[in-house]
Amino acid sequence: MQYLRDAGVEISEWTIKRDLTSGELVEFSSRADALLSAGGNRIDESFLRSAKHLKVISLHSVGYDNVDIAAATALKIPIGNTPGVLSNATADTAFLLILATSRKAFYMHKTIQNGDWGFFEPTANLGIEIRGKTLGVFGLGKIGFELARRCYYAFGMKVIYHNRGHHAEAEKELKATRVSFDELLEKSDVLSVNTGLTAETKGIFNHLAFMRMKKTSIFINAARGAIHNETDLIDALEKGIIWGAGLDVTNPEPMQQNNSLLSMPNVCVLPHIGSATEETRAAMSLIAAKNIVAGLKGERLPFAVNPEVYD
Ligand code: DGY
């Protein structure tokens, strides 16, 4: 906000703590030259057509699945996002979920709160160890690479990944191997989703995918909830098709408090806090503000999702 004020930008703030309805979004943006959007506001074609006057739409996120990028590009509206600065914090969250899930940490905490910490039974409360096991990354980009580094250096994990192209740095530094989607499912002990939500990735982790995974495997999603089918995930966990799951994102969000995943010992769920640290959110805010100021000046955004608008 200070960066914007220092640049002479007049700010009108939406202070109600929920996403705007499409009508509200149209109305709110009608008198603005730029829009800074946090959360899941739907920036669809219909909104974009009514917002052709906007010089820039700046997202307070790296993900842009809530935006119709093709429509924005056709309308020559630059869309900004915040890549890079959140890779470490988000990888930390995925790493936290791997460890917490493998040792049933959230559930164990609840047993104490419920007064169930009783006799020491050597064969009770057993988790599984991840040292030396195989991490499979679905979508090894900046976040996936940071997660893979943590798993490789801290736990000696073997790294495999499924991407469209090769990730040369991961192959060199971490001896990572690019594999087919089927191989990723079949060989991963921990399978982490670190890709964006697209038509191609939506619901790709479904019953068929879980059926191909190891019975001892852990599914991690700190990317977007809609990449997994939650009914199929619950079924896979209940039937022992996979061993556990750690989620920072759910499908839908917010998750209802009676969701059965919340009472499963081998499941850890967080409310989409992947990048939520003081340092990272401040860095994201600054990039989002810089995108606004550049857009208002008619300059190229420092981080544009659709640089084609400048062609
Ligand atoms: C992102 O930056 O995409 C995070 O998921 C927050 O929405």
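**Ligand site and parallel sheet**

In this predicted model, a backbone N or O atom of V62 lies 2.7 Å from an oxygen atom of the ligand, a polar contact being a pair of N or O atoms within 3.5 Å. Residues are numbered from 1 along each chain as its sequence is written. Local features need pLDDT of at least 70 and side-chain atom pairs count only at pLDDT 80 or more, whereas totals for chains, interfaces and linings use all residues, and side-chain values use heavy atoms, with hydrogens and water left out.

A polar side-chain atom of R224 is 2.8 Å from a ligand oxygen atom, and an N or O atom in the side chain of H272 lies 2.8 Å from an oxygen atom of the ligand. The protein buries 79% of the 230 Å² that the ligand exposes when taken alone (Shrake-Rupley method, 1.4 Å probe). Around the ligand stand S61, V62, G63, L86, R224, H272 and M284, each with a heavy atom within 4 Å of it. This shell comprises 3 nonpolar, 3 polar and 1 charged residues, with Gly counted as polar.

Turning to the sheet, 3 strands (DSSP E runs of at least two residues) form an open, parallel arrangement in the order β1-β2-β3; pairing requires at least two DSSP bridges. Strands β1 (34–37) and β3 (79–80) are the edges, each pairing on one side only. Strand β2 (residues 56–59) is joined to β3 by 2 bridges, and S58 stands opposite G80 in β3. Helix α12 (residues 278–296; a DSSP H or I run of at least four residues) packs on the sheet and touches β1, β2 and β3, contact meaning heavy atoms within 4.5 Å. The direction of α12 makes about 175° with that of β2, on a scale from 0 to 180 degrees between N-to-C directions of axes fitted to C-alpha atoms, for helices over the stretch in contact.

Technical notes. A polar contact is a pair of N or O atoms within 3.5 Å; within protein, one must be able to donate a hydrogen and the other to accept it, and residues adjacent in sequence count only if both atoms are side-chain atoms.
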